[in-house]
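Open the model in your viewer and keep the sequence panel beside it.

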Amino acid sequence: MGAMRVLFIGGSGIISSACADLAVERGIDLYLLNRGRSTDRPVPSAATVLRGDIRDPQSVAEAINGRDFDAVVDWVAFSPEHVRTDIDLFRGRTGQYVFISSASAYQTPPARVPVVESTPLSNPFWQYSRDKIACEQLLVEAYRAEGFPATIVRPSHTYDRTLVPFDGGWTVLDRMRRGKEIVVHGDGTSLWTLTHHTDFARGFIGLLAHPRTIGDAFHITSDDVLTWDQIAHALAKPLGVEPRIVHVPSDAIAAADPEWGAGLLGDKAHSMIFNNAKLRDVVPDYVATVPFEQGAREIVAWHLEDPVRQRVDERLDTVMDRLVEAYRPRPL
């Protein structure tokens, strides 16, 4: 029996790069469909790169050149139109089609925690999440109507060394270094789950071409749960500083910056804890091993390695200044 043949549409992103590395390490015959643009995350040398643009179906048909796959994973599908294109391209050509959805599609705020895969999908705050829900609905209908072999995967906040968990990215770390206050939404005690991309990969690869995943949905997260104040302190420690935190209501942040607010009200402002039992039923050896304190050291080290990576968002920095001034605790 030959190696499993898998196609990644994308494959150089935060999550997909770790999955690509682990796939080839485990002997999967991996194909990566992308446009060949430069990236901070080089593709594995053992993978076969196919040049094509998923937004141009004809270029994809030419790139795959009649190949069939045990699994196809689309890392860059964000709208029902994208999913419809995939269904047309890969109907009858793959044993499994994996759609990368988002845990932000779950009921927001959740009525119960921990969140499980049967938690309702409903997010009135964030268009990104509603689009993912629409994609899922389309795939469920295709599975029911024609047996299209869809599997839905819902990552939560998955990061690598390039991704600062706070909105604003390096801007927040820069403020810490300069001794300026940083904004933490709410009172800083809401609980958040952060998953290192290598941990996600260990769960994900076990789902590929697995017969008990067809027509089903799984989330993949760590069991590492922190408050947002703890996240701030974890990032400050490798910077050698003590964070000066100003707590600001999420509604106030949304009023000051609607884009920042959409991600808060639609995702980060609410405590999100996940039950991974369903994943472990299919991938029994799955365990997340990277605590965020280790991830924070990686994040800080990567940004400090190269000044080019230290990009301050001046507009958002100004918004943060205004919020800090308005909500900084006053002396009694």
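How many residues does helix H1 have, and how far does H1 reach from its first C-alpha to its last? Select residues 14-25 to see: H1 has 12 residues and reaches 18 Å, close to the 16 Å expected at 1.5 Å a residue. Keep in mind throughout that this is a predicted model.

**Stop 1: around helix H1**

Within H1, colour Ile15, Ser16, Ser17, Ala18, Cys19, Ala20, Leu22 and Ala23, which are buried. Then move past the end of H1 to Gly27, where phi is positive, near 85°.

**Stop 2: the second largest pocket**

Stay with H1 and show the pockets. The second largest pocket has a volume of about 280 Å³. It is lined by 16 residues, and those closest to its centre are Ser17, Ala18, Asp21, His197 and Thr198. Which element gives the most to this lining? H1 does, with five residues; H1 and H6 each supply at least two. Colour the lining of the second largest pocket by residue class and you get four nonpolar, four polar and eight charged residues.

**Stop 3: Thr162**

Next, select Thr162, in the loop between strand S7 (157-159) and helix H5 (170-177). Is Thr162 buried or exposed? With a relative accessible area of 19%, Thr162 counts as buried because this value is under the 20% limit.

Show its side chain and look for two polar contacts. One runs to the side chain of Arg41, at 2.8 Å; another, of 2.6 Å, joins the side chains of Thr162 and Asp160. Beyond its neighbours within four places in sequence, Thr162 is in contact with Ile14, Arg41, Trp302 and His303.

**Stop 4: the cavity**

Search the whole structure for cavities of 30 Å³ or more and one is found. The largest cavity holds about 80 Å³ of space. To display its lining, select Phe166, Asp167, Val172, Val183, Val184, His185, Trp228, Trp260, Leu264, Lys268 and Met320. Strand S8 (182-185) and helix H9 (258-268) are the elements that give two or more residues to this lining. By class, the lining of the largest cavity divides into eight nonpolar residues, one polar and two charged.

**Stop 5: backbone exceptions**

Before the last selections, a general point: most residues other than glycine have a negative phi, and most peptide bonds are trans.

Select Thr108 and Pro109, which are joined by a cis peptide bond with omega of about -5°. Pro109 lies in the loop between strand S5 (97-100) and helix H4 (127-146). Pro114 lies in the loop between S5 and H4 too, and the peptide bond from Val113 to Pro114 is cis, with omega near 0°.

Now go to Asn65, in the loop between helix H2 (57-64) and strand S4 (71-74). Asn65 is not a glycine, yet its phi is positive, near 50°. Asn65 is exposed, with a relative accessible area of 60%.

Finish at Ala209, which you will find in the loop between H6 and strand S10 (216-220). Ala209 also has a positive phi, of about 60°, although it is not a glycine. With a relative accessible area of 33%, Ala209 is partly exposed.

How values were computed:
Residues numbered from 1 in each chain as written. Predicted model: local features only at pLDDT ≥ 70, side-chain atom pairs only at ≥ 80, totals over all residues. Heavy atoms only, no water. Helix = DSSP H or I, 4+ residues; strand = E, 2+ residues; numbered from the N terminus. Buried < 20%, exposed > 50% of the residue type's maximum accessible area, 1.4 Å probe, protein only. Polar contact = N/O pair within 3.5 Å; in protein donor to acceptor, adjacent residues only side chain to side chain. Contact = heavy atoms within 4.5 Å. Expected span 1.5 Å × (residues − 1). 1 Å grid on protein atoms, 1.4 Å probe; cavity = no way out; pocket = protein on both sides within 12 Å on 5 of 7 lines; lining within 4 Å. Points joined across faces, edges and corners; volume = space filled by probe spheres on them. Nonpolar A, V, L, I, M, F, W, Y, C, P; charged D, E, K, R; others polar.
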